[in-house]
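Hello,

Here is the structure I promised to pass on to you. Have a look at it first, and then read my notes below.

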Amino acid sequence: MNRITQILNIKHPIIQAPMSWLTDAKLVASVAEAGGLGFLAPHAGQTTNPTSSDEVLERMRNEIRKVKALTDKPFGVPFILSYDFSLIPLMVDLLIEERVPVVLDNGWLDKEIYTKFKQAGIKIICRLPNPNLADALKAQDLGADILVLTGFDEGGTLPMKEVGSFSVLAEFVGKVDLPIMLAGGIADKRSVQAALNLGAEGVWVGTAFIATTECRASEKVKEWIVSATANDLLLFRTEPYYYRSLPTELAKKCFEMSENGENRSEIAKVMNAGTGMRLGMLEGDFDNGYVSVGNGISQINKIKSVKELIDELMGDFR
């Protein structure tokens with residue numbers, strides 16, 4: 001037991017990251033049953049883009065209820081689901097109504113929202129998109145329960161600064177009172193041990209959970225993750241900062257544009273963010289989609305069950 005497991009009421013200090021189209025009730029419940037904490041994400045369980053704000057909310061409400069039907073253990077949901085920030089207060093109310101045990105703040109840092117969640121007895125995890133001490137201390141003052149620090153080794157939308165995960169962690173340990181979880185490049189027992197030895201109290205894992213039998217990602221994507229290493233990844237500029245992907249045809253085009261100095265907004269149009277991820281990672285369309293993963297793929301050599309992965313990650317730290 002440590003502060004993370006006590007706060008979240010879970011067995012192991014491992015969180016499965018929200019990964020847009022790649023999460024659903026099955027994955028999240030599997031993580032919960034294996035002793036970790038899973039997050040539903042925007043588009044959880046879906047195959048098409050929503051057509052209205054009401055649909056966004058209703059889809060998430062339904063997926064939350066599916067998780068609850070599969071497990072009685074804690075799980076989490078972000079309260080920011082899209083760039084339509086008018087949805088935030090509606091999502092806050094929904095999460096309170098549905099008694100979701102844990103919520104994720106992606107750096108919104110709003111006092112009124114924190115107060116509402118605290119009054120409802122909901123735990124708040126704050127993950128800063130660009131780790132900095134001022135925002136970390138603000139999250140602490142607002143009442144966040146756990147702080148997630150993300151290094152440049154992660155998959156998905158990369159931070160602005162090209163600072164590796166362990167370097168990010170070193171900057172914060174001893175300067176905040178909140179328990180810290182480390183995100184970015186954590187995919188095997190050794191990287192978990194390294195994070196904990198350097199002062200983290202838990203780990204935030206994305207890419208390794210994609211290569212599990214319970215994840216809804218395309219089997220072609222899982223097989224590619226297993227066979228690839230970080231040296232295969234293409235890093236390119238886009239909005240807001242950077243992305244990396246396995247070398248799909250679309251990723252190659254974005255990489256070439258980036259190398260030739262094209263501006264970020266033009267690359268972002270070609271990348272086609274959410275749709276590009278759905279095509280590449282959910283449907284396995286490597287011509288028109290990208291496969292965003294972290295540098296931890298070098299450590300992934302087999303498709304496992306969620307339970308096998310969590311047991312392996314924990315190793316001697318049970």
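Does F85 count as buried, partly exposed or exposed? At 39% relative accessibility, F85 counts as partly exposed, where buried means under 20% relative accessible area, exposed means over 50% and partly exposed is in between (1.4 Å probe, protein chains only).

Before the rest, a word on the source. This is a predicted model, in which local features need pLDDT of at least 70 and side-chain atom pairs count only at pLDDT 80 or more, while totals for chains, interfaces and linings use all residues. Residues are numbered from 1 along each chain as its sequence is written, and side-chain values use heavy atoms, with hydrogens and water left out.

Now the overall picture. The chain has 14 helices and 10 strands; these are DSSP runs, numbered from the N terminus, with helices (H or I) of at least four residues and strands (E) of at least two. Its radius of gyration is 18 Å, close to the 20 Å that the globule rule gives for 318 residues, so the chain is as compact as a globular protein of that length. That radius is taken over C-alpha atoms, and the rule is 2.2 Å times the number of residues to the power 0.38. Buried residues make up 56% of the 318.

Next, the inside. The largest nonpolar core has 107 residues, and L95, I125 and I210 touch the most other members. Such a core is a set of buried Ala, Val, Leu, Ile, Met, Phe, Trp, Tyr and Cys residues joined through side-chain atoms within 4.5 Å. Leaving aside neighbours within four places in sequence, L95 is in contact (heavy atoms within 4.5 Å) with residues including I64, F79 and F117.

Finally, the aromatic rings. The count comes to six aromatic pairs: rings of Phe, Tyr and Trp (its six-membered ring) pair if their centres lie within 6.5 Å, and planes under 30 degrees apart count as stacked, over 60 as edge-to-face and the rest as tilted. F85 and W108 have ring centres 4.8 Å apart and planes at 50°, so this pair is tilted. F85 lies in the loop between β3 (76-78) and α4 (88-97), and W108 in the loop between β4 (102-105) and α5 (111-119), so the pair ties together parts that are 23 residues apart in sequence. W108, at 35% relative accessibility, is partly exposed. F152 and Y242 make an edge-to-face pair, 5.5 Å centre to centre with 85° between the planes. Both F152 and Y242 are buried.

Best wishes
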